[in-house]
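Please look over the chain shown here.

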Amino acid sequence: GSYARLYRSAALAAAADYGQTAGRVQGLLRVAGAGMDLAALQATVQAQQLPHDYVQAIGAAAASLTAGVAISQACWFYPGGGCLDPAQWVREALAAPGIALRTDRTVHRLERDGEQWRLLDAHGTELARSAIVVLANAAQASRLLRPLGHSAWPLHETRGQVTHWSSARPPPLRLPVAGEGYAVPLSGGLLCGATRQADDTDPQLRHADHLHNLERLRSLCALQAPSDPAAWQGRVAWRLHADDRLPIAGALPSPTLPAATRRDQARLLPRVQGLFILTALGARGLTLAPLLGRLIAAQATGTPWPLEQDLTDAIDPARWMVRAARAQP
């Protein structure tokens, strides 16, 4: 389906992007879960003809040797998977030529001026102007688009809490393990998580959420947290996702369409010149961002797209308009 194809394409693109920095792509194990033994995984690999360098089915013993900790079930091993430090990656990306970062500026309004967009603060002062604007500001994008006549998307926020701790000795876990929850080795400790709580706006760390994460960690790979809860640290954040669990990426459709406009195909809809959106990446932001960033760059500059038309349609910001048109008798 579209979901599997999109995330497979995004994972391959992300591995290529992040793999350019040593040590970031070292493989990832995904525990298959109850009822899925090694034979079942191998049958899936054969039936779908999955490449060996993309994913491998391995038994519990091999998974334990790979991970450095006890794994009790068969696993999918993704050689191109891994983990990275998001803050460090952002710093390195911003150091690339041609990037100018401006912080402590809040864009209050977008205004069209000829062939360009003006970005204005709350006092109407121009912060910047450009022929191309990409809104990559999560749920806040709707605040800027509503005054331009754009309808809101069906977006939802899910609270998540992770648990981590520091350790003087490196953890025995050699690579990330995922399944019911996940565990990620850090240079000076370990991180595990994460909870999922819909429509929950509490920003405070919860002891019960730490216990939930640690119980899943024990089930996943038999690792134990420090016995003193005072050593447990954490972070709370929110995942933004659309109701169909697909990201929103591409050129904004025109908010006003001529009566004769065909609305049943996204590719036929007129677009707002120079205005793009990238949001609702859910829990897969690091995986999706490299591919979708290239897609928007290609759309903005008229170069070949890195994604098939039907997948581009599936994540199009106009897809709800298309669905409504197709539902008409």
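Valine 133 stands opposite leucine 275 in β15. The model is predicted. Strands β7 and β15 pair in the parallel sense, over 3 bridges. Strand β14 (residues 248-253) also joins β15, through 5 bridges, and these two run antiparallel. Here proline 253 has arginine 271 of β15 as its bridge partner.

| Strand pair | Sense | Bridges |
|---|---|---|
| β7 and β15 | parallel | 3 bridges |
| β14 and β15 | antiparallel | 5 bridges |

How well covered is strand β15 (residues 271-279)? Mostly covered: 7 of its 9 residues are buried.

The largest share, 4 residues, comes from β6. By type, the lining divides into 7 nonpolar, 2 polar and 4 charged residues.

Now the aspartate. Aspartate 313 lies in helix α8 (residues 309-314). Is aspartate 313 buried or exposed? Its relative accessibility is 18%, so aspartate 313 counts as buried; the cut-off for buried is under 20%. Which residues does aspartate 313 contact, leaving aside its neighbours within four places in sequence? They are Ala266, Arg267 and Arg319.

Conventions
Residues are numbered from 1 along each chain as its sequence is written. This is a predicted model: local features need pLDDT of at least 70, side-chain atom pairs count only at pLDDT 80 or more; totals for chains, interfaces and linings use all residues. Side-chain values use heavy atoms; hydrogens and water are left out. Ala, Val, Leu, Ile, Met, Phe, Trp, Tyr, Cys and Pro count as nonpolar, Asp, Glu, Lys and Arg as charged, and the others, Gly among them, as polar. Buried means under 20% relative accessible area, exposed over 50%, partly exposed in between (1.4 Å probe, protein chains only). Contact means heavy atoms within 4.5 Å. Two strands pair if DSSP finds at least two bridges between them.
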